[in-house]
Structures are given as C-alpha cells and as structure tokens.
Amino acid sequence: MYDISKFQIKENPVILGLESSCDETAAAVIRGRELLSSKIISSATEQAKFGGVVPEIASRAHTEAVDEVVAQALAEAHVSVNELDAVAVTYGAGLLGALLVGLSFAKSLAYSLNIPLIAVNHIRGHMAAAYLIDKQLKPPFVTLLASGGHTAILHTKSFTEFEILGGTCDDAAGEAFDKVARVLSLPYPGGVNVERLAKSGKNNIAFPKCLVKNSKSLQFSYSGLKTAVINYCHNLEQKGESVVREDVAASFQFAAVQPLVQKTVECAKQLGVGTVTAGGGVIANGYLREMLKGECDRENLRLVLPEKAYCTDNAAMIAAEGLIGYMNGNFASLDINARAQIPLK
Ligand code: KG4
Ligand code: ZN
C-alpha cells in the first residue's frame with residue numbers, strides 16, 4: 001500500500017529528477033545538493049523543421065526517450081534504481097501531453113519503489129538551479145528569472161517563500177527573443193540564434209527599452225520592443241533599403257537585457273540583499289551573463305549564476321527543487337495531474 005504519510009525524511013537523499021514539459025526529455029540524479037548526473041535527449045532538431053515545438057511530436061519523442069534518459073542518468077551517477085530515496089518530476093507548467101509522459105513515468109517508479117513522489121513547478125525549478133552551483137547558498141537573495149514563459153525579479157526570502165518584485169505585463173523575455181528571431185528569419189530555437197547573430201552586429205539602433213515608464217511598480221513590457229523591431233524592419237524594406245540584421249539583433253539584445261540586469265541589481269541594493277541568483281533559458285545568453293557579472297562586481301554583490309546548460313531546461317534543477325519539497329515532506333499523491341498553467345505565485 002502506497003501511503004505518503006509513512007515516508008521518513010532522510011539527510012542527503014538520493015533524488016531522481018525528471019523533466020518533460022517541452023522538447024527536452026531530461027533526467028538527473030542528486031545526492032543532497034551534490035549533482036551526480038544530468039542527461040538530456042532533445043527533440044529540438046526535429047522541431048526546428050516546423051519552426052517551433054509541435055506538441056504531438058514532443059509527446060512522442062518523450063515516450064521514446066524517457067526510459068533511455070533515466071538509464072543514462074542512473075548509470076552516470078553510479079546509482080542503482082533501488083538506491084533512490086525519491087523521484088521529483090515537473091507536473092507543470094508546459095505542454096500537457098509532454099508533461100504526462102514524465103509524470104506517468106515518475107508515478108510508476110515512485111509506486112514500484114515505494115518512495116516519495118515530489119511534484120515540481122517547472123519555473124520554481126529554474127529558480128532552484130542555483131542551489132546546486134553553490135551548495136552553501138541560503139536565502140535571502142534576489143533572483144532574476146527569464147525564460148520562454150516568465151520574466152520576473154524575485155526576492156527569495158526562504159527556500160519556500162518569495163515575493164515578486166517585478167515582472168512583465170505582456171510577453172516574456174524569451175518570447176520576445178523568439179519573435180525577433182522570426183522577424184530576422186532565424187531558425188528555431190530563436191534566442192540562441194539572435195545571440196549568435198548579435199555577436200557580429202553593433203548596438204546602434206535606439207529601440208525602446210523594455211521598462212514601463214511612469215510605473216511605480218517594477219514592470220517590463222516586451223511587446224512594445226518586439227513591435228518596434230518589426231516596424232523598423234518593415235519601414236526599411238518599404239523604402240527599399242536593406243536591414244543590417246546583425247545590428248538589429250545586437251540593438252534588440254541590448255534593449256531586452258540591459259533593464260533586466262539594471263533592475264535586478266537595483267533591487268538587491270535597495271533591499272540590502274548581498275546575493276543575486278538567476279535562472280531560465282534567457283539567462284543562457286552570454287551578453288546578459290557578462291553584463292550581470294559586471295554589474296554585480298561593480299556593486300559588490302555575490303552572483304550565483306548556473307552554467308548555461310542549467311539555465312535552459314534540464315532535470316538537475318527539477319531535482320534541486322525536489323530536494324526542497326522532500327525536506328519539507330511535501331510529497332505528492334499518485335493521483336496528481338499535470339497542469340498546463342501554474343501561476344508564478
Ligand atoms: O527556460 P527555457 O529553456 O524554457 C522555458 O521554461 O520557457 O527558456 C526558453 C527560452 C526561449 O524563449 C529561448 O529563446 C530563450 O529561452 N533562450 C535564449 C537563449 N537560450 C535560450 N534567449 C536568449 N539568448 C539565449 N542564448
Ligand atoms: Zn524552462
């Protein structure tokens with residue numbers, strides 16, 4: 001009989017993390033906050049043919065990859081399945097069919113091994129990636145979160161409690177990168193290709209920054225910036241002039257990134273919080289990373305920045321957030337369902 005009230009909480013548990021919310025099937029193993037392995041099988045190349053993620057293709061790819069990726073993660077960690085103390089899995093937000101593959105796999109494993117199942121909110125996973133980089137890291141800190149679906153600056157007060165200091169009122173930063181990539185005829189995945197193109201361009205076009213003016217709260221707007229890029233390109237094309245795509249990419253990147261960095265650092269200073277962390281796919285952007293490092297150094301703030309591979313979707317971050325859930329006895333019942341949307345708070 002599977003009874004979640006009977007599970008004991010161990011020190012330094014061995015946790016398998018599973019992630020399947022979009023086009024990456026990922027598995028990772030941690031022991032306490034030590035990362036033992038992290039493996040990803042991606043369907044991105046397949047998705048690129050369609051210019052974006054096709055949910056049905058993602059679900060099928062997860063079904064084909066999940067067994068293999070878990071086996072790879074266990075093997076690299078030198079952990080046998082019987083040594084697992086818990087399974088942490090993304091239950092939302094994401095593509096429902098895709099989520100269900102990971103969730104069903106995790107439920108079966110938890111049930112057959114009679115170990116706790118921890119249901120992880122994907123976006124909280126992105127915030128937790130930093131815990132594996134600095135094992136001593138403890139709240140409070142200010143977190144910059146920027147992914148395909150979210151953009152926010154957060155005050156993390158404890159491992160389970162945070163305040164949203166500011167965020168986007170329309171598109172997310174990653175979404176803007178993806179849309180601008182399309183305007184510049186760049187292939188999927190958009191963000192990283194905009195970054196590549198921007199490397200050979202100049203920041204010489206004054207696009208509006210993504211900050212909402214005259215707003216007392218800390219609000220970002222990416223839809224205006226995206227429209228400004230579209231209008232700029234269309235106007236030149238209508239006049240028969242050529243668009244220097246590299247300069248558009250570099251100028252957009254600056255306008256999209258600089259306010260995020262500036263406001264994150266300002267928030268930390270104002271709150272008197274000495275540590276800054278970051279997570280989400282956009283944090284893999286090299287230009288943003290350099291700017292954030294530079295600003296944190298200048299302001300004497302400690303920056304805990306996950307490597308690029310732990311900013312984009314991965315299962316190590318899911319295991320890391322799973323550890324917080326495990327330590328708090330926050331175990332899921334086996335009838336938990338996947339959720340396409342979960343509010344940040
Ligand atoms: O966190 P993530 O992998 O998935 C979500 O949870 O959304 O973030 C994906 C987003 C996409 O919009 C992608 O274009 C963006 O992160 N991204 C980047 C870079 N790598 C991924 N944006 C800018 N520069 C990058 N290098
Ligand atoms: Zn993500």
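Let's start with helix α5, which gives the most to the shell around ligand 1, with four residues. Keep in mind that this is a predicted model. The briefing below looks at the ligand's surroundings and then at a pair of aromatic rings.

**Where the ligand sits**

- Ligand 1 is found in the largest pocket.

**Who surrounds the ligand**

- There are 19 residues around ligand 1, and the closest are His126, Gly148, Asp178, Glu195 and Gly281.
- By type, the shell around ligand 1 holds four nonpolar, 11 polar and four charged residues.

**Contacts with oxygen atoms of the ligand**

- Gly148 places a polar backbone atom 2.8 Å from an oxygen atom of ligand 1.
- Gly191 has a backbone N or O atom 3.0 Å from an oxygen atom of ligand 1.
- Asp313 uses its side chain instead: a polar atom there lies 3.2 Å from an oxygen atom of ligand 1.
- On its own, ligand 1 has 550 Å² of accessible area, and the protein covers 85% of that.

**Aromatic pairs**

- Searching the whole structure turns up eight aromatic pairs.
- One of them is formed by Tyr131 and Phe159, an edge-to-face pair with 5.0 Å from centre to centre and 80° between the planes.
- Tyr131 belongs to helix α4, while Phe159 lies in the loop between β7 (151-158) and β8 (161-168), so this pair ties together parts that are 28 residues apart in sequence.

How values were computed
Residues numbered from 1 in each chain as written. Chains lettered and ligands numbered in written order. Predicted model: local features only at pLDDT ≥ 70, side-chain atom pairs only at ≥ 80, totals over all residues. Heavy atoms only, no water. Near = heavy atom within 4 Å. Polar contact = N/O pair within 3.5 Å; in protein donor to acceptor, adjacent residues only side chain to side chain. Areas by Shrake-Rupley, 256 points an atom, 1.4 Å probe, with all protein chains shown as cover. 1 Å grid on protein atoms, 1.4 Å probe; cavity = no way out; pocket = protein on both sides within 12 Å on 5 of 7 lines; lining within 4 Å. Sits in = over half its atoms within 2 Å of the grid points. Helix = DSSP H or I, 4+ residues; strand = E, 2+ residues; numbered from the N terminus. Nonpolar A, V, L, I, M, F, W, Y, C, P; charged D, E, K, R; others polar. Phe/Tyr/Trp six-rings, centres within 6.5 Å; stacked < 30°, edge-to-face > 60°.
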